[in-house]
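Please look through the sequence and the model shown below before reading the points that follow.

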Amino acid sequence: MQLFKNFCTPTVNKNGLLVDFQLNVPESYNFGYDVVDEMARLAPCDRALVYTNPDKVEKTFTFGDISRLSNKAANALKAQGVKKGDKVLVILKRNYEYWYIVPALHKLGAVAIPATNMLTVDDITYRIETADIRFAICTPDGSTAEDMLEAAAQKRQLESVFVVRRDLPGAINLTKLIDSADESFTPVDTKAEEPMLIYFTSGTTGYPKAVVHNHTYSLSHIITAKYWQNVRENGLHLTVAETLLWFTILTASHRTSCCG
């Protein structure tokens, strides 16, 4: 099921080597709707994600699962005030929730800001102020959620702190909200040229800079998955890095394996 072909025109030479690559981007392209939901329609029972961690927890998610859970997450977040254009800091390490919470943000038209769990409180407050972040979604591991609450006390524009699979005073247990949310989501009108993600640079020679990417950014990673990583249909791609470029594989409509 090679959905990526709907969004690009690759040209190869007689040796099968890529010599030209053109993207075909619909005006209203949204990864959540046009890739996640479309794959769920075409191949709902195909594996999209295989997850495991050092505690030997294993979970398998189909494309149907990712679509359904992202709808539930979108409804849960919408009910808490998250709307189109809102900046949402996402620190979920390699937790499996990342894989449906981020497309939920895409569906809402919110701007996801993925970040590492190694950020300090000062790092977090800098990002909140720089990007005008209103919401944060945290891993239950380590002190990330506590650090986020400390940052929220300093930067009042951060309205709500969500944490998955954990009850924490001052934070909202997002897992409980998702579990009780509706599976049907009314699409939000988004355009391909509207913001989808913000990544902060490493800050090697100065303070980190906020770099904005629109919805076409996910399609640019077709070439990464297909022609660099050489992922193959029905194969498993092992991902041990932070889940910052999660659509690299799904855009090419292949399966991925994630180690938490």
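Predicted model: local features only at pLDDT ≥ 70, side-chain atom pairs only at ≥ 80, totals over all residues.

An axis here is a line fitted to C-alpha atoms, for a helix over the stretch in contact, and the angle between two axes runs from 0 to 180 degrees between N-to-C directions. Two packed helices are described by the angle between their axes and the distance between the axes.

**Helices α1 and α2**

- Helix α1, which covers residues 31–42, packs with helix α2, residues 63–79, at an angle of about 130 degrees, and their axes are 8 Å apart.
- Angles over 145 degrees count as roughly antiparallel and those from 65 to 115 as roughly perpendicular, and α1 and α2 are therefore oblique to each other.
- The crossing in which α1 passes α2 is left-handed.
- On the α1 side the contact is made by Val36, Asp37, Met39 and Ala40, while α2 brings Phe63, Gly64, Ile66, Ser67 and Ser70.
- Sorted by class, this contact of α1 with α2 holds five nonpolar residues, three polar ones and one charged one.

**Helices α2 and α3**

- Helix α3 spans residues 98–108, and α2 packs with α3 at an angle of about 60 degrees, with the axes 8 Å apart, which makes α2 oblique to α3.
- Here α2 passes α3 in a crossing that is right-handed.
- Among the residues of α2 that meet α3 are Ile66, Leu69, Ala73 and Leu77, and among those on the α3 side are Trp99, Ile101, Ala104 and Leu108.
- The contact of α2 with α3 divides into 12 nonpolar, three polar and two charged residues.

**Helices α1 and α3**

- The angle at which α1 and α3 pack is about 130 degrees, their axes lying 8 Å apart, and that makes α1 oblique to α3.
- From α1, the residues Phe31, Gly32, Tyr33, Val36 and Asp37 meet Pro103, His106 and Lys107 in α3.
- By class, the contact of α1 with α3 consists of four nonpolar, two polar and two charged residues.

**The second largest pocket**

- The volume of the second largest pocket is about 180 Å³.
- There are 12 residues lining the second largest pocket, and Pro114, Ala115, Thr116, Arg127 and Phe200 are the closest to its centre.
- Strands β6 (111–114) and β10 (195–200) each supply at least two residues of this lining.
- The lining of the second largest pocket has eight nonpolar residues, together with three polar and one charged.

Conventions: Residues numbered from 1 in each chain as written. Heavy atoms only, no water. Helix = DSSP H or I, 4+ residues; strand = E, 2+ residues; numbered from the N terminus. Parallel < 35°, antiparallel > 145°, perpendicular 65-115°, else oblique. Left-handed = near helix turned anticlockwise from the far one by under 90°. Contact = heavy atoms within 4.5 Å. Nonpolar A, V, L, I, M, F, W, Y, C, P; charged D, E, K, R; others polar. 1 Å grid on protein atoms, 1.4 Å probe; cavity = no way out; pocket = protein on both sides within 12 Å on 5 of 7 lines; lining within 4 Å. Points joined across faces, edges and corners; volume = space filled by probe spheres on them.
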